[in-house]
Amino acid sequence: MGKSTGFLEFDRVGNTSVAPKERIKNYSEFHPPLNKSERCNQAARCMNCGVPFCQSGVAFGGMVSGCPLHNLIPEWNDEIYNGHWEEALTRLLKTNSFPEFTGRVCPALCEAACTCGMNGDSVTVHDNELAIIEEGFANGLMQPRVPSVRSGKRVAVIGSGPAGLAVADRLNQRGHSVTVYERENRAGGLLMYGIPNMKLDKSIVERRVNLMTAEGVEFKVGVNVGVDVTAEQLKDQYDAVVIAAGSKMPRPLSAENMDASGICLAVDYLTASTKGLLGDTTAMPISAEGKNVIIVGGGDTGNDCVGTAIRQGCRSVVQLEMMAKLPDSRSENNQWPQRPRVCKTDYGQEEAIAVFGADPRRYQTTVKEIIKDDEGAVSAVKTVKLCSKFDKASGRTLMEEVPGSEETLPCELLLIAAGFIGCENYVTDAFGLERTGRGAVATKDGRFQTADPKVFAAGDARRGQSLVVWAISEGRECAAEVDEFLMGYSNI
């Protein structure tokens, strides 16, 4: 470890944040980094524990605690403390293909497992990671790594989100020729269009795609596999195919009058916002300006919709969450090193509080009915409170309506951010693949190969809706399995 008393001498200091009322004036990232001296102090707080739970990525209490990528966190914290930034970058890139993404959007499972967090504040692992990779780009250390030898094997990757990019990166570095198919007009998948610019600047995504292109990865955008290109064509042209198309089938909302105009899926709304920001004149604009906005869904995507609607100048915003509010601090049955199940006020909610004077979230509430105006557009929604009830037959906790709890709220834009239920049907149908009970692509137990030996699946398409860090982990592991299939062994 860099400094044996660092965790005693230095308090946790995270990256600063632009004030809510200031940052909503634009779509720029709003977490300026610390200076190098303070960053070294933060790295000095890492204790290099005998058992570093931060990099474990194992399940405690039914939830994974620690980094799924098993990042060598104590090692690169030590290098930061000693000012060895190039060495820190080397250690970081051994396990993480895209630290510039996880350093911005990962919820930091590593910090939840940090030993310092057991009785105090965890190490700023998330911010340290981002500092390393950005230092690498700033100092010209992230140069194209073009493989000196090619294997002669060709691989098609469907989807250019974090899982698809991770598969492509690893297989390309192994020497295989990789082509990535993306149905949108830009590569990046959810990194490009599912996460708003203030959370992940699109120039960061483009920077990585450009680097991978220089390294030999081919990107074909605007090509929808299963529509523009058939599965048989891909299987004929390539030695292996990887489905990394995400989990994009939205969870439906059961409410009356869902045919009203003014109802939009959250991902479509965020996509339209980003395309407009990037100057895409062909995109259908969806604006919250001057509207009462209601968002169904209390997760990260719902929060992103809150922040986007505020920047567009909405009149009001309400976020509905079916489940009860989590406690503000750890409960007795949720002790370290379990991932803390606590209520988090994210950036969008912070901005709503600053602008409208109240938290936009309403818990244990859902939409029961959409009220339409004379032109068939949504003008209001009728909400209803929910209560939980254990169902003995299924062994599950179900949510039931509370009689007499209905409330009518004004609404001209209703955004559905209720999650996803699996990979889109046309993708699996094109390859004749089965789906799991969660709607994911069915693969062999604990593996990535499907019933078709040439076809593999990774990321949300295989495991269901999850985090960017899990998608990268899946992509890296899938690449090793594909490599073994192609070569008979793998040195990835």
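These notes cover a pocket, a strand and the salt bridges of a predicted model.

1. **Pocket volume and centre.** The second largest pocket holds about 270 Å³ of space. Its lining counts 15 residues. Nearest the centre are L93, S97, R145, D169 and Q173.

2. **Who builds the lining.** Two helices, α9 (162-174) and α11 (202-214), each supply at least two lining residues of the second largest pocket. The biggest contribution is from α9, with three residues.

3. Sorted by class, the lining of the second largest pocket has seven charged, four polar and four nonpolar residues. R145 and D169 are among the residues nearest the centre.

4. **Strand β6, side-chain directions.** In a regular strand, side chains alternate between the two sheet faces. Strand β6 spans residues 240-243. A240 and V242 point one way, V241 and I243 the other. All of these residues are buried.

5. **Strand β6, neighbours.** β6 pairs with strand β3 (residues 154-158) in the parallel sense, over four bridges. It also pairs with strand β16 (residues 455-457), again parallel, over three bridges.

6. **Salt bridges, overall count.** Side chains of opposite charge can pair when their charged atoms come close. The structure holds 32 salt bridges.

7. **E9 and K3.** The side chains of E9 and K3 meet in a salt bridge, at 2.9 Å from N to O. E9 has a relative accessible area of 43%, so E9 counts as partly exposed. K3 is also partly exposed, at 24%.

8. **K325 and D328.** How far apart are the closest N and O atoms of this salt bridge? They are 2.7 Å apart. K325 is partly exposed at 40% relative accessibility. D328 reaches 61% and counts as exposed, because the cut-off for exposed is over 50%.

9. **E474 and R462.** This salt bridge has its closest N and O atoms 2.8 Å apart. E474 lies in helix α18 (residues 468-487) and R462 in helix α17 (residues 460-463), so the pair ties together parts that are 12 residues apart in sequence. Is E474 buried or exposed? E474 is buried, because its relative accessibility is 4% and buried means under 20%.

10. R23, R311, E350 and E351 form one network, joined by salt bridges that share partners.

Methods. Residues numbered from 1 in each chain as written. Predicted model: local features only at pLDDT ≥ 70, side-chain atom pairs only at ≥ 80, totals over all residues. Heavy atoms only, no water. 1 Å grid on protein atoms, 1.4 Å probe; cavity = no way out; pocket = protein on both sides within 12 Å on 5 of 7 lines; lining within 4 Å. Points joined across faces, edges and corners; volume = space filled by probe spheres on them. Nonpolar A, V, L, I, M, F, W, Y, C, P; charged D, E, K, R; others polar. Buried < 20%, exposed > 50% of the residue type's maximum accessible area, 1.4 Å probe, protein only. Pairing = 2+ DSSP bridges. Salt bridge = Lys/Arg side-chain N within 4 Å of Asp/Glu carboxyl O.
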